[in-house]
Number of protein chains: 2
Amino acid sequence: MTELQHASTDCTQTRSRLLEAARVVFSQHGFQRATVREICALADANVAAVNYHFGSKEELFSQALNFNRLKALQAASIDPDINPEARLRLFVRDFMLILLDEQHASSQCRMMARELADPTPVLDKIVHEAIAPLHAFVGRLLGQIVIAPIEEATLKRYVYSLFGQCLFYRNSHPVLQRLNPDLSYDIAQIEAIAQHISDFTLAALNAKIPD
Amino acid sequence: MTELQHASTDCTQTRSRLLEAARVVFSQHGFQRATVREICALADANVAAVNYHFGSKEELFSQALNFNRLKALQAASIDPDINPEARLRLFVRDFMLILLDEQHASSQCRMMARELADPTPVLDKIVHEAIAPLHAFVGRLLGQIVIAPIEEATLKRYVYSLFGQCLFYRNSHPVLQRLNPDLSYDIAQIEAIAQHISDFTLAALNAKIPD
DNA sequence: TAACATATCAAACACTTGTTTGAAAGTAAA
DNA sequence: TTTACTTTCAAACAAGTGTTTGATATGTTA
């Protein structure tokens with residue numbers, strides 16, 4: 001059986017069930033805490049299935065990663081007919097939906113966010129294929145908003161300030177949950193958060209102009 | 001031997017060596033990945049020492065926590081003789097030094113920051129004793145800067161925006177390291193980061209006034 | 001010194017983890 | 001059907017983990 005057949009015929013049912021289960025479990029517990037046994041249980045497969053189909057837990061994680069949604073996000077915020085400020089608002093809104101909306105079936109991206117603070121061997125791939133382009137994209141976007149010429153290093157700090165605000169809601173979620181116990185995000189709340197971040201960031205950027 | 005003696009006599013040498021080693025190892029690897037064996041090796045003690053002196057790894061972690069530095073930070077930024085904006089700048093500077101300066105012997109605080117995204121049984125204690133007061137403190141500070149009356153929820157989002165920017169440099173450190181491989185922070189760089197965050201935040205807050 | 005509590009240690013325990021194995025079941029072509 | 005190959009499975013493996021144990025040292029007190 002060739003590679004191509006291996007990837008398309010229905011003998012891959014278990015394989016794709018594993019991938020989907022992996023995304024759920026990894027995004028919930030992170031690479032380290034997620035166990036092969038839990039993934040296999042969710043996929044209704046034998047414990048040995050992961051190593052048979054993927055070779056290792058790490059390779060399963062790597063193949064479960066999917067950056068399509070992040071790429072689509074950038075494509076959607078690139079329309080030249082709308083001004084940069086509005087494009088930023090669109091971007092932040094979609095980004096926060098990816099990060100926070102559990103219904104949004106974007107566990108492929110959420111499983112990524114968990115690993116940023118806790119290096120796994122796959123982090124190099126994540127940074128190279130997803131984060132670096134994303135930072136470059138946001139850098140260009142912010143560069144169009146701040147009209148005055150600014151140094152590359154300064155622009156970088158703006159990018160960090162924006163991502164810092166966004167990622168806080170995901171990274172510090174366990175803390176926020178304890179600070180107000182009835183926390184849960186519906187779409188309206190996520191959009192409100194996104195609007196705050198956009199307002200806050202745009203206000204800071206625009207105030208830079210007079211300098 | 002009473003409890004009091006137990007805490008003061010020199011028979012506690014091993015005990016305090018364990019506490020110090022725990023702070024180093026926990027702040028480096030986090031609670032989950034840190035191993036009792038590594039802590040004991042660093043403390044030059046037997047593996048059984050942790051359970052003999054503390055009962056469990058978790059209790060060792062709990063006792064190794066120390067919020068004094070965070071409390072001192074708040075006390076230093078409360079001087080009423082300087083205006084709120086300058087107090088904010090002081091706070092952010094000290095906070096970033098705690099978060100980023102490896103020399104600064106503040107591993108007690110850094111070991112805390114690692115756990116925020118990855119709940120351990122001790123997170124409740126951390127949130128209750130350290131983070132909640134810290135958020136409240138920064139909330140009051142920001143409230144003095146934004147003169148116009150704002151809702152409690154809005155103020156909260158300002159606090160999140162500030163902490164998000166600060167914590168980003170710690171939480172996303174593995175990512176930043178890969179984005180520019182020659183990354184390392186000396187005091188001047190940390191102060192530059194702190195200044196950016198303060199500038200960015202104050203610009204955003206001041207721009208809010210006309211609304 | 002003798003008796004006693006405390007502290008240290010090597011070894012083992014109990015458990016979880018990712019992974020491997022070898023047999024059984026399923027599938028498709030000859 | 002027979003043959004060859006793929007997939008599944010229960011069981012075991014190997015390594016790492018926090019913890020416990022029982023003996024041995026150490027220090028204190030009577």
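# Worked exercises: how chains A and B meet

Between chain A and chain B there are 12 residue pairs in polar contact, both residues at pLDDT 80 or more (a polar contact is a pair of N or O atoms within 3.5 Å; within protein, one must be able to donate a hydrogen and the other to accept it, and residues adjacent in sequence count only if both atoms are side-chain atoms). We're working with a predicted model, where local features need pLDDT of at least 70, side-chain atom pairs count only at pLDDT 80 or more, and totals for chains, interfaces and linings use all residues. Residues are numbered from 1 along each chain as its sequence is written, chains are lettered from A and ligands numbered from 1 in the order in which they are written, and side-chain values use heavy atoms, with hydrogens and water left out.

**Exercise 1.** Work out which elements of chain A give two or more residues to the side that touches chain B, and which gives the most.

*Solution.*
- Step 1: the elements are α2 (13-33), α9, α10 (152-171), α11 and α12 (187-208) of chain A. Helices here are DSSP runs (H or I, at least four residues), numbered from the N terminus.
- Step 2: α10(A) gives the most, with 12 residues.
- Step 3: sort that side of chain A by residue type, and you get 24 nonpolar, 10 polar and 9 charged. Ala, Val, Leu, Ile, Met, Phe, Trp, Tyr, Cys and Pro count as nonpolar, Asp, Glu, Lys and Arg as charged, and the others, Gly among them, as polar.

**Exercise 2.** Find the salt bridges between chain A and chain B, and say where their residues sit.

*Solution.*
- Step 1: the count between the two chains is 2, with a salt bridge being a side-chain nitrogen of Lys or Arg within 4 Å of a carboxyl oxygen of Asp or Glu.
- Step 2: take A:Asp124 with B:Arg178, whose closest N and O atoms are 2.9 Å apart. A:Asp124 is in helix α9 (residues 123-145) of chain A and B:Arg178 in helix α11 (residues 173-179) of chain B, so this pair joins two chains.
- Step 3: now B:Asp124 with A:Arg178, again with 2.9 Å between the closest N and O atoms. Here B:Asp124 belongs to α9 of chain B and A:Arg178 to α11 of chain A, so this pair also joins two chains.

**Exercise 3.** Is A:Asp124 buried, partly exposed or exposed?

*Solution.*
- Step 1: the cut-offs are under 20% relative accessible area for buried, over 50% for exposed, and partly exposed in between (1.4 Å probe, protein chains only).
- Step 2: A:Asp124 has 46%, so it's partly exposed.
- Step 3: its partner B:Arg178 is partly exposed too, at 31%.
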